[in-house]
Amino acid sequence: MENSIDTIPILFYGWTLGAIFILSIITFFIYLKVKEDSFLYYSIYTLFLNIYIGQKALVYYVLDDTLFIDPNLLVTINWSLQFVYYLFYVQFVRSFFNFKVHNPKLDVFIKYFMWIMAIICTIFVLIAHFIVSNRVTNIYPVFLQFVVYFYIPVFVSFATYVLYKTSKLDILGKYYIIIGSTIYILSALISTYYTITDTIDFPLRIFMIGVLIEFIFFVVALGMKVYQVFIEKNEYHQKLIIQLEENKRLIEYNNEILTNRIELFTKKEIELEFKNKINKLKSKVFRSQVNSHFIFNILNSIKGSIVNNNKEKSIDYLNKFSKLIRNILNHSLEESVTLEKEIEITRLYVLLENLRFENQIDFILKIDKNITSPNGIKIPPFVIQPFVENAIWHGLANKKGEKKLQIGIRKHKGQLQITISDNGIGMFNSLEIQKKKIIKHKSIGIDITKERLNIFSQNSTQKYGLIFENIGTKNNSKGTKVIINLPLKAIENPM
């Protein structure tokens, strides 16, 4: 009869450990699918929790009096495991509610609190294990006093404050997390109380019951999180479908117009007009792609500045960005702009990017004295920016020390020649870095710009030229140079 009674708690612990392990595996695979950090943190938390409970049950039920591990070392390991899984538990809550976006001040507070607690607890563990354990035979009372008089009051106050702030957020599934966390904390406190008073056998089972109840609430919350991610992706796909349908209607509309004009033009005139119309449509599509690519990068810069709570830099970014967007919107539907306007847009872009690099880039713009009127020369809009972006992010960003970017504009052999050069890591080193990256990044902006340069040159006797040069040797690279040669086209009535 006694054997059957002992089997019940052992089966309970085994079932609990199995459930925790399965949940750890499931949340890890969900993370691999949806790439949501909260699932990764929860998976790691449950893994360390499983190790902690497992070794406690193993020592109590299997090893018992035959324990061959130093008891002081075991106490140190147990407490270290506790702090580690608490740490990942807090990281899970922080990531689940995305405090960095929804409450940046709270996010900073949590981050610094955990760092301070980690330092204090690490110092205490080292002192207890290497100094105190040499003077006393049992360091368990030392750890108990530390937990009761410092760790529990501080951590419970911290958890209460965070849960209170969480209740103020308008986020799906928050109450499940709050209720689950509350049960989790209460079961830990009750378990600690019975451990101190030693009034029941193996009080850790109370904590395990609290963990299982917490799992039920957290599984519901995580399920809601997965559903939310699914809804967001579905909404994004729906927007893409709507945009594709709009593009299809636009093509059908233009085809209808062209069809209605068949009776008014000869076959040759129809072909010529159709070709020109297709080129214009291509040009608009290419410009819109470049604009969206470029705007996305700048918005990421502003987002990073706001997330870091740098108000002055954010305002400066927004002022310059608004001026740049105004220029883009004013010229996004035009086939060409003046060289003067292109220079102004390029200056603004470099200025914004340089803010991200803490003004470390030395930017020089040289215009040949033979170009007396940049306002009288036309050029495709936003044609310089992709090459400048390439120079900054593939050349200068990976370089230590002095960073230089130079743009030269001149008339050369009846063409307009634009040279973009940098003293970065060079073409070969940049290609090597790209090869080592798991996710390959293709420069869409430059490919689109090549197509736009080709369209710009179609009605001209001169064709465009595009040359990439590595400055220096392959083993001693001193930067990259890009040379763009464009047909020299004058504006009929410059303002």
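The notes below go from the whole chain to single residues and back out to strands.

**Ground rules.** This is a predicted model, where local features need pLDDT of at least 70, side-chain atom pairs count only at pLDDT 80 or more, and totals for chains, interfaces and linings use all residues. Residues are numbered from 1 along each chain as its sequence is written, and side-chain values use heavy atoms, with hydrogens and water left out.

**Overview.** I started with the elements: the protein chain has 14 helices and eight strands. Helices (H or I, at least four residues) and strands (E, at least two) are DSSP runs, numbered from the N terminus. Next I checked burial, and 40% of the 495 residues of the protein chain count as buried. Buried means under 20% relative accessible area, exposed over 50%, and partly exposed in between, using a 1.4 Å probe and protein chains only. Then I looked at contacts, meaning heavy atoms within 4.5 Å. Among those between residues at least 6 apart in sequence, 74% join residues at least 24 apart.

**The cores.** I went looking for nonpolar cores, that is, sets of buried Ala, Val, Leu, Ile, Met, Phe, Trp, Tyr and Cys residues joined through side-chain atoms within 4.5 Å. In soluble globular proteins, nonpolar side chains tend to be buried together. The largest core here has 58 residues, and L49, I53, W79, Y151, F155, F207 and F215 have the most contacts inside it. At least two residues of this core come from each of α1 (2-34), α2 (37-63), α3, α5 (104-130), α6 (140-167), α7 (174-197) and α8 (204-260). Which helix gives the most to this core? I found that α3 does, with eleven residues. Apart from this core lies another, of 30 residues, with L339, I343, I361 and I409 among them.

I picked F207 to see its surroundings. Leaving aside neighbours within four places in sequence, F207 is in contact with L49, I53, Y85, Y184, S187, A188 and S191.

**Helix α3.** I gave α3 its own page. Its 26 residues reach 37 Å from first C-alpha to last, close to the 38 Å expected at 1.5 Å a residue; the expected span is 1.5 Å times one less than the number of residues. Just after α3, N98 takes a positive phi of about 50 degrees.

F96 sits in α3. F96 counts as buried because its relative accessible area is 2%. Not counting residues up to four places away in sequence, F96 touches S38, L172, I177, A221, L222 and K225. I also checked F96 against L222: they are 126 residues apart along the chain, yet their C-alpha atoms are separated by 8.7 Å.

R94 is in α3 too, which spans residues 71-96. Is R94 buried or exposed? R94 is buried, with a relative accessible area of 15%. What does the side chain of R94 meet in a polar contact of 2.5 Å? I found the side chain of D107 there. A polar contact is a pair of N or O atoms within 3.5 Å; within protein, one must be able to donate a hydrogen and the other to accept it, and residues adjacent in sequence count only if both atoms are side-chain atoms. With residues up to four places away in sequence set aside, R94 touches F99, D107, I110 and K111.

**Aromatic pairs.** Rings of Phe, Tyr and Trp (its six-membered ring) pair if their centres lie within 6.5 Å; planes under 30 degrees apart count as stacked, over 60 as edge-to-face and the rest as tilted. By this rule I get 40 aromatic pairs. One of these is Y42 with F92, a tilted pair at 4.8 Å centre to centre and 55 degrees between the planes. Y42 in α2 and F92 in α3 are 50 residues apart, so this pair links distant parts of the chain. Y42 counts as buried at 0% relative accessibility, and F92 is buried with a relative accessible area of 0%. Another is Y89 with F218, a stacked pair at 5.9 Å centre to centre and 20 degrees between the planes. This pair also links distant parts of the chain, with Y89 in α3 and F218 in α8, 129 residues apart. Both Y89 and F218 are buried.

**Strand β7.** Last, I turned to the strands. Nine of the eleven residues of β7 (residues 477-487) are buried, so this strand is largely enclosed by the rest of the structure. Two strands pair if DSSP finds at least two bridges between them. Strand β5 (residues 415-422) pairs with β7 in the antiparallel sense over eight bridges, and D422 stands opposite T480 in β7. Strand β6 (residues 465-472) runs antiparallel to β7, joined by eight bridges, and E469 has K481 in β7 as its bridge partner. I noted that β6 and β7 form a hairpin with four residues between them.
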